[in-house]
Amino acid sequence: MKTDIQADYWSILSQNSIDGVRLDNLAEEYSTPLYVYSENKIAENIDFYKNYPSHPTVNYAVKANGNLSLLAMMAERNLGFDIVSEGELRRVLQAAGSDYAKKCVFSGVGKTNQEIRFALENDIGCFNVESRGELQRISQIAAQLNVAAPIALRVNPDIDAKTHPYISTGMRDNKFGVAITDAMEIYRQAARDKNLQIIGVACHIGSQITELAPFVAALRSVKILADELNRNGIVVKHLDIGGGLGVENPDEREVPTIRQYLDALYAELSGSDYQLALEPGRSLVANSALLLTRVVGIKRQSGKTFLVVDAAMNDFVRVAMYQAKVDIRNLSRADYGICDEEVDVVGPVCESGDTFIKAMKLQAKVGDLLAISGAGAYGISMSSQYNARRRAAEVLLADGATRLIRKRDEYAQLWENEINL
Ligand code: LLP
């Protein structure tokens with residue numbers, strides 16, 4: 001495993017500070033575990049997409065991190081959103097304004113009638129439809145509301161994205177989308193339905209994808225279908241290729257940049273005038289944050305050393321769930337604690353899966369402050385209160401200013417919805 005402090009996921013860290021704010025002071029003030037985000041880094045990532053000459057439509061995937069302040073900052077920069085539930089749509093409306101649904105696409109394999117109705121009532125920009133049955137339900141609800149529902153069919157191009165099986169979504173045996181071979185017929189049916197308005201074709205093949213070829217292959221399939229639709233008088237303009245661009249991590253240092261990704265997609269589209277839409281989540285926020293945690297104890301047994309820290313799998317589940325790789329630095333040491341002794345960095349939760357890293361060469365003593373890399377995406381948004389642990393606080397830093405964007409849970413919140421009979 002490389003431990004290069006120049007890695008992209010450490011690029012926000014400079015002299016134990018992010019954007020000029022010292023992390024030890026933050027840990028002192030807000031306690032740990034604590035998520036710390038760099039607004040500048042998120043803005044930089046957004047700019048890579050927004051300033052690309054061909055101007056793709058960028059709909060941020062809220063699931064990666066739905067904090068209201070982050071959504072508001074994205075809306076200020078004119079991003080749309082990819083949502084997958086009524087809850088996510090409500091988050092967007094809360095953060096970006098009650099008329100923002102029109103800049104949202106509604107993805108997700110299990111939209112309920114209630115969710116479809118709520119989205120239509122709020123003037124949703126597009127449903128990325130997952131099945132014939134869903135299309136029928138959308139049409140019926142649109143008829144009740146006397147509107148035409150904007151739709152794109154999410155097609156499953158049967159492409160191996162070569163990522164972790166849990167986050168691979170574009171293969172025939174995954175639960176997502178309609179088989180691309182069935183799409184023409186379903187579009188024909190939709191085109192005859194006055195309660196449906198066809199916008200485009202959608203697709204999403206997976207997440208943390210680190211090769212360009214699967215994206216290009218997916219776009220090619222989608223474009224072939226769109227060309228055929230247009231030839232048959234079914235006008236589609238938008239090709240939504242989903243999200244999925246991976247980020248650098250200690251195991252995968254050769255990851256395409258956003259620029260290379262867009263170059264590859266637009267090369268495939270050259271000569272056509274489709275509007276490309278994207279749903280990036282991870283590539284906008286993952287490398288913008290660190291998770292701060294303190295060493296609670298050090299255990300030596302059976303020839304091993306365990307650094308027990310105060311962050312756990314309930315705060316950041318990606319290692320336990322997808323065997324994701326993170327990197328760790330000891331912020332309490334000038335050399336970041338890089339040494340020859342190998343330790344396992346583990347959380348306090350009562351499962352051996354609650355491990356952040358195994359056999360890392362890291363030196364630390366009790367009370368030291370550690371930083372866990374790449375915590376901006378699927379960190380807080382997948383966190384839970386397991387083991388009756390309070391969810392962590394989040395702070396957003398920009399140009400030396402610190403803003404608390406989520407308070408740590410209060411203990412009473414752990415049981416506030418429970419009924420003590
Ligand atoms: N669009 C759709 C329809 C999606 O299902 C997803 C992610 C995205 C966009 C955004 O993908 P991204 O650009 O973030 O890769 N919890 C997992 C990742 C699950 C991704 C699910 N879908 C993890 O922590 O790796």
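The shell around the ligand consists of six nonpolar, seven polar and six charged residues (Ala, Val, Leu, Ile, Met, Phe, Trp, Tyr, Cys and Pro count as nonpolar, Asp, Glu, Lys and Arg as charged, the others, Gly among them, as polar). The model is predicted: local features need pLDDT of at least 70 and side-chain atom pairs pLDDT 80 or more, while totals for chains, interfaces and linings use all residues. Residues are numbered from 1 along each chain as its sequence is written, and side-chain values use heavy atoms, without hydrogens and water.

Placement
- Domain 1 (107-280) and domain 2 (287-414) both contribute shell residues, so the ligand lies between them; the bounds come from an automatic or database domain assignment.
- Of the 19 residues around the ligand, those that come nearest are Ser 207, Glu 279, Arg 282, Arg 318 and Tyr 378 (near means a heavy atom within 4 Å).

Polar contacts (N or O pairs within 3.5 Å)
- A ligand oxygen is 2.8 Å from a polar backbone atom of Gly 244.
- A ligand nitrogen lies 3.2 Å from a side-chain N or O atom of Asp 82.
- For Lys 63, a side-chain N or O atom is 3.4 Å from a ligand oxygen.
- The protein buries 91% of the 590 Å² that the ligand exposes when taken alone (Shrake-Rupley method, 1.4 Å probe).

How values were computed:
Polar contact = N/O pair within 3.5 Å; in protein donor to acceptor, adjacent residues only side chain to side chain.
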